[in-house]
Amino acid sequence: MGLELTREEQRMLDGEYGKATRKAMEIITTLGEIYGANRLIPVSSVQIAGVSYHNLGEAGLEYLAEMAEDGKVRVLTTLNPAGMDLTEWKKHGIPEDFAVNQQRVVEAFAKMGVITTCTCTPYLIGNLPHYGEHIAWAESSAVCFANSVIGARTNREGGPSALAAALTGRTAEYGLHLDENRYAQVKYEVQAELKGTDDFGLLGKVIGDRTKKKIPYIVGIKSATTEELKSFCASVATYGGLGIFHMEGITPNQTPVPDETEIVTSEDLADARDALDDEDAEIDFISIGCPHASIKEIARIAELLDGKTVAEGKTVWITTARPTKDLAIKMGYYDKIERAGAFLVSDACCAVAPLKGRFKGLMTDSAKACFYARGKNKFKTEIRTVEECIKEAIS
Amino acid sequence: MRLEGRRIFKGKATGEVLYTEEDISFYGGCDPETGEIVEKNHPLQGQSVAGKVLVFPTGKGSTVGSYVLYALKKAGKAPLAIINRATDPVIAVGCIISEIPAVDKIDIEKLRTGQRVEVDADNGVVTILD
């Protein structure tokens, strides 16, 4: 095998640091061998996915409990959303037995020293790597954001491999850790004006659907907010399985510019919108915050909902990270949102909560949320601007 | 006949082959309690992987699939061993966490359902016994 280990790494593999570390090192080295890595490299930050009890099930929980017997994380490690708001779940109609099991999952992670942030936007609340930093993140939208917008380096980890990186502080050097796998392969010329998170999500779908894993170099975007970029990242990762992209004038990575050019027109974006809009959608659920809403987005939503009332028969979830919710409480945004009859839900989102069968149609500004609402929850969907979503909620 | 490949996860097992030319997604594609393949129109739909030497090209689908292999092991319904053309990370991680012997880089067309084989994952070798 070409994979060489340091003495300490070998000791981890031999079990000298305990059972969980040995298992974790087996995962890291096996992946390294499969992908032809020559060595392991230290990582300074980990984001773990596979937190909702809905996805993990009893077996996943059992595995985590087994790892938690003697496993401790060695680097800053944060956690993806859970299936519910960890404190206000009852109010949101989450069943008691699910809540008990979800708490057990979070406790197993906490026992290992994982910071139980429960958010898909770790970069907004204190797990923010810098340019060039090697990290091991799961959560496809955050992977794409870290690689592309920040310029950190991570592969698209799964739940167990991210946990393994946390327990060993290592990952194998392959894939997106190496320069040659990060360069653009096809140019996308965007000939359309984009405005808002929904438009950026649609662009992510157009490029994701078309690019067949080829890394895009996107030109023609004059400006983009952090919120629009997180929406784009989530969508291009969902529809295209991409871990990195380049956007001229906006993202920091250096790359040769490819010759092969694709054009994206406003008709393409309109087609993507049509594809996500179900004609007969009966909207009874409105959700914003996929990926988790920033404090700026929540401030805007609070302003839109101030003094209004959510219509009879409609449920509104604004999903975010707990520290952002705490800030929203302090700023009075929470009260404005909740007084209107909407929910500011932390720790969870509409894609991982156990919502199947509860609603008929989802309206959202997120192309990624549409994908999971259809596939997992069998909802019909409509994608609209944040303003239109709120208007629908109160009409 | 002896087929040589590469160790993914250590261990030895002897048993009957269950073969498919179709990739397998354990998450959503295999019942974690019974081991039955439930993916619609999959050639193995309705058959159980429990106690078999499961032979398929590679894995597909969600990374949660690794936990399904773990669930099968806990339920006593896991395959005895896994043989792939090219193991993907979801299957590799699943085999490691559930301690299922696994090899890849095997010429899987040489195998067929019902054959008895010995899998020596430590050395990455599969031997057809009949």
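This tour moves from the interface of chain A and chain B to selected cysteines and then to one methionine of chain A. The model is a predicted one.

**Stop 1: the interface**

Begin by displaying chain A and chain B together. The contact between them draws on 20 residues of chain A and 20 residues of chain B. The size of an interface is often given as the accessible area lost when the parts come together. Here chain A and chain B bury about 1,800 Å² between them, and 63% of that area lies on carbon and sulfur atoms.

Next, select E62(A) and K74(B). These residues form a salt bridge across the two chains, with 3.7 Å between the closest N and O atoms. The count of salt bridges between chain A and chain B is 4.

Which elements of chain A give two or more residues to the side that touches chain B? Select helix 2 (19-34), helix 3 (53-68) and helix 6 (159-168) of chain A to see them. Helix 3 of chain A gives the most, with 8 residues. Colouring the chain A side of the contact by residue class shows 10 nonpolar, 5 polar and 5 charged residues.

**Stop 2: the cysteines**

Now turn to the cysteine sulfur atoms. Over all chains, the count of disulfides is 0. Two cysteines of chain A illustrate this result.

Select C144(A) with C233(A), which holds the cysteine sulfur closest to that of C144(A). The two sulfur atoms are 4.2 Å apart; a disulfide requires them to be within 2.5 Å, so this separation is too far for a bond. C144(A) is buried, at 0% relative accessibility.

Then select C349(A) and C350(A). The sulfur of C349(A) has its closest cysteine sulfur in C350(A), at 5.6 Å, which is also too far for a bond. C349(A) counts as buried, its relative accessible area being 8%.

**Stop 3: M363(A)**

Finally, centre the view on M363(A), which is located in strand 13 (residues 361-364) of chain A. Is M363(A) buried or exposed? M363(A) is buried, because its relative accessible area is 3%, under the 20% limit.

To see its surroundings, select the residues in contact with M363(A) beyond its neighbours within four places in sequence. Among them are I283(A), F285(A), I286(A) and S287(A), together with E382(A), R384(A) and C389(A).

Key
Residues are numbered from 1 along each chain as its sequence is written. Chains are lettered from A and ligands numbered from 1 in the order in which they are written. This is a predicted model: local features need pLDDT of at least 70, side-chain atom pairs count only at pLDDT 80 or more; totals for chains, interfaces and linings use all residues. Side-chain values use heavy atoms; hydrogens and water are left out. Contact means heavy atoms within 4.5 Å. Buried area is the accessible area (1.4 Å probe) that two parts lose on being put together, summed over both. A salt bridge is a side-chain nitrogen of Lys or Arg within 4 Å of a carboxyl oxygen of Asp or Glu. Helices (H or I, at least four residues) and strands (E, at least two) are DSSP runs, numbered from the N terminus. Ala, Val, Leu, Ile, Met, Phe, Trp, Tyr, Cys and Pro count as nonpolar, Asp, Glu, Lys and Arg as charged, and the others, Gly among them, as polar. Buried means under 20% relative accessible area, exposed over 50%, partly exposed in between (1.4 Å probe, protein chains only).
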